[in-house]
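I opened this model to look up two things. The domain interface came first, then the salt bridges.

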Amino acid sequence: MESLPIVRLQGVTKRFDDVCAVDSLDLDIYQGEFLTLLGPSGCGKTTVLRLIAGLETLSAGEISMNGSRLNGTPPNKRNVNTVFQSYALFPHMTVFENIAFGLRLKQSDKQAIRHQVSEALDLVKLSGLENRRPHQLSGGQQQRVAMARAIVNKPQVLLLDEPLSALDYRLRQEMEIELKRVHRQLGITFVFVTHDQEEAISMSDRIAVMNEGRVEQIGTPIKIYEEPENMFVARFVGEINVFDGHVVNVNNGSAVVDIHGQLFPVQNRKKAGTGDKVRVLLRPEDIQVTRDADKNGGPALSGKVDEVIYKGKTVDLVISLDAGETINVTQFFNEDQEDLVYGEGERVHVDWLYGWEVIL
Amino acid sequence: MVSKSGFRNVSIGSTLLWITVFVVVPYLFVLVFSFFQRDPEQIVAAVFTWQNYKDIFSPVFLVVCWNSLILALGTTVITLLVAYPFAFFLGRIPERIRRILLLLMIIPFWTSSLIRTYALIILFKANGIVNGLLLSLKLVDEPLAILYTQTSVFIGLVYTLLPFMILPIYSSIQKLDLRLIEAARDLGATSGHIFLRIVLPLTLPGIIAGSTMVFLPALGLFYIPDLLGGARSMLIGNFIKNQFLTTGNWPLGSAASVILTLIMCLFLYVYFLSSRKARTSGMGEMA
């Protein structure tokens with residue numbers, strides 16, 4: 001990541017009438033990475049993509065590519081291509097003509113065009129469907145044609161606007177793997193927009209979590225999931241349990257937090273001081289459940305099991321704590337623990353291993 | 001269910017009855033008359049003959065046919081050139097203004113087109129409004145001879161038939177998915193490419209429909225060339241009208257009508273073929 005960014009967004013702002021869709025956003029996109037813009041609908045992620053493509057004009061700020069300013073460059077002069085959410089395949093053209101569209105605008109060597117189109121079709125595994133029309137293809141096939149039509153132009157950056165959202169669950173998973181493979185094979189930069197956090201986590205090199213036109217956090221999927229920097233990221237990506245507490249003691253890199261009268265040692269990444277109010281965040285799978293309080297010897301919160309949801313490889317518990325909160329816990333089966341199956345209404349104690357929490 | 005199918009039967013039945021009484025039956029008369037002999041006393045004499053068709057294929061009538069085709073074709077081309085940009089504009093402006101423009105376009109329909117053609121005479125005659133304006137603006141020194149020329153016939157036909165071209169094109173432009181234009185731009189297309197390779201092919205069904213709806217009436221509209229072209233332009237429509245109303249040669253007029261109908265059927269067949277091709281070679285709506 002020390003290399004220069006291929007695309008750099010500086011203070012990028014886009015207003016539609018009075019609504020600010022993108023709010024002075026800074027973002028560096030590096031050569032060859034798979035960057036995902038993740039956020040709820042209306043967070044401005046698609047607008048960012050369209051700004052990079054040149055399909056929207058900036059209200060303020062600057063977008064540069066390979067160090068030169070792109071402001072005002074029309075989309076047909078930018079070395080980026082887009083895979084649209086609606087695919088936007090040309091209905092009056094065959095698969096071949098759709099994919100060859102961009103090539104035919106730039107070169108006239110028919111043989112070379114045919115060769116490149118068939119290469120692109122191979123890459124998306126659609127060989128043999130050259131003469132079909134878009135309406136004769138399934139959703140997944142149309143998706144692949146849209147991919148081929150974009151990558152055949154060998155763009156430096158491929159922009160993907162929720163390309164999988166119209167596919168059913170199975171096909172989406174298949175296409176996730178396909179997309180990763182294509183990314184690896186081409187080695188070009190992918191900027192992928194999605195509202196689906198699972199998609200983002202499983203595919204990306206880096207994720208930029210967006211909310212209300214701003215980037216809330218940018219980092220690797222592991223960073224985003226395990227060390228959210230704020231409540232928005234914590235809540236949007238995955239499930240999270242939040243405990244309110246206050247710091248009673250600070251010692252080197254750790255602190256002791258009082259949660260409902262129980263004193264939990266935590267890692268003090270936030271550098272909170274004594275007396276500060278903090279929130280302790282825990283993923284459902286990071287919480288331990290025990291039947292007796294003293295088994296682990298440390299602090300624990302007591303409560304009772306409200307619901308037991310068996311999911312095959314995990315059991316999800318909904319536990320209402322005596323202090324009032326309701327928390328979600330995910331437990332993984334393993335062979336030497338047979339007593340994971342709790343009954344509804346059963347009294348339990350919960351705690352976690354030091355360092356597995358995040359404090360905000 | 002009973003009342004529903006009853007309504008269906010009544011509505012379809014009454015339309016069929018109407019068409020039968022006022023279209024099919026008169027047309028059968030025309031067809032039959034075209035094979036009868038002329039009779040000064042009783043209009044027609046029920047004696048079979050091919051003579052009318054032999055008379056029709058005279059050089060005079062062929063010239064009339066040729067002129068009519070050229071005029072109809074010219075009218076179609078001009079209306080297309082005028083209507084396409086307007087329809088494009090209409091499909092892209094805010095709903096509120098669009099409704100007003102559509103209304104303005106349709107209001108003249110509520111007046112008889114014959115009356116509107118007379119209004120054109122008032123505009124174009126030597127001491128009419130257009131010439132008055134041109135003279136007072138010193139753009140011309142003497143009144144332009146517009147009326148009773150080919151030009152005024154074109155203007156009249158284009159004016160009358162323009163909405164029939166605008167509406168089908170407008171409807172196909174409205175259906176055009178703007179995201180396709182964005183995709184084409186993203187793939188490197190300039191505005192010219194986008195028009196030729198995306199917009200034009202996808203609005204072709206509207207162009208074909210509009211052209212048919214202008215071309216076919218332009219072949220048969222007799223009163224516009226009559227009123228605006230004076231005695232100079234003899235077209236199929238005028239020829240037929242003259243046979244029936246002036247010379248009283250009903251069998252010859254009938255034969256000309258049959259020929260005109262055959263020409264129209266031929267063009268409708270071409271339209272059918274081309275619109276079917278335009279539809280199967282595109283229009284994802286079918287999927």
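How many Å separate the centres of domain 1 and domain 2 of chain A? I get 40 Å, taken over C-alpha atoms. I keep in mind that this is a predicted model.

**Entry 1: the domain interface**

I looked up the bounds. Domain 1 of chain A spans 5–236 and domain 2 of chain A spans 241–355. I then listed the contacts: 6 residues of domain 1 touch 5 residues of domain 2. The two domains bury about 560 Å² between them, with 52% of it on carbon and sulfur atoms. On the domain 1 side, A:Tyr225, A:Met231 and A:Ala234 lose the most area to domain 2. Together they make up 73% of what that side buries.

I searched the interface of domain 1 and domain 2 of chain A for charged pairs and found 0 salt bridges. The polar contact search across that interface returned 3 residue pairs. Next I asked which helices carry the domain 1 side. Helix H7 (221–226) and helix H8 (231–236) of chain A each supply at least two residues. H8(A) gives the most, with 3 residues. By type, the domain 1 side divides into 5 nonpolar, no polar and 1 charged.

**Entry 2: salt bridges**

I ran the search over the whole structure and got 21 salt bridges over all chains.

A:Lys125 pairs with A:Glu178, with the closest N and O atoms 3.3 Å apart. The pair links distant parts of the chain, 53 residues apart. A:Lys125 sits in the loop between helix H3 (110–123) and helix H4 (139–151) of chain A, and A:Glu178 in helix H5 (169–186) of chain A. Are the two partners buried or exposed? A:Lys125 counts as exposed because its relative accessibility is 52%. A:Glu178 is buried, at 11%. I also traced a network of salt bridges that links A:Lys125, A:Arg144, A:Glu178 and A:Arg181.

A:Arg172 and A:Glu199 meet in a salt bridge at 3.7 Å, N to O. A:Arg172 lies in helix H5 of chain A and A:Glu199 in helix H6 (197–203) of chain A, so the pair ties together parts 27 residues apart in sequence. A:Arg172 is buried at 19%. A:Glu199 is buried at 3%.

B:Arg98 counts as buried at 10% relative accessibility. B:Glu95 is partly exposed, at 43%.

Note on methods. Residues are numbered from 1 along each chain as its sequence is written. Chains are lettered from A and ligands numbered from 1 in the order in which they are written. This is a predicted model: local features need pLDDT of at least 70, side-chain atom pairs count only at pLDDT 80 or more; totals for chains, interfaces and linings use all residues. Side-chain values use heavy atoms; hydrogens and water are left out. Domain bounds come from an automatic or database domain assignment. Contact means heavy atoms within 4.5 Å. Buried area is the accessible area (1.4 Å probe) that two parts lose on being put together, summed over both. A salt bridge is a side-chain nitrogen of Lys or Arg within 4 Å of a carboxyl oxygen of Asp or Glu. A polar contact is a pair of N or O atoms within 3.5 Å; within protein, one must be able to donate a hydrogen and the other to accept it, and residues adjacent in sequence count only if both atoms are side-chain atoms. Helices (H or I, at least four residues) and strands (E, at least two) are DSSP runs, numbered from the N terminus. Ala, Val, Leu, Ile, Met, Phe, Trp, Tyr, Cys and Pro count as nonpolar, Asp, Glu, Lys and Arg as charged, and the others, Gly among them, as polar. Buried means under 20% relative accessible area, exposed over 50%, partly exposed in between (1.4 Å probe, protein chains only).
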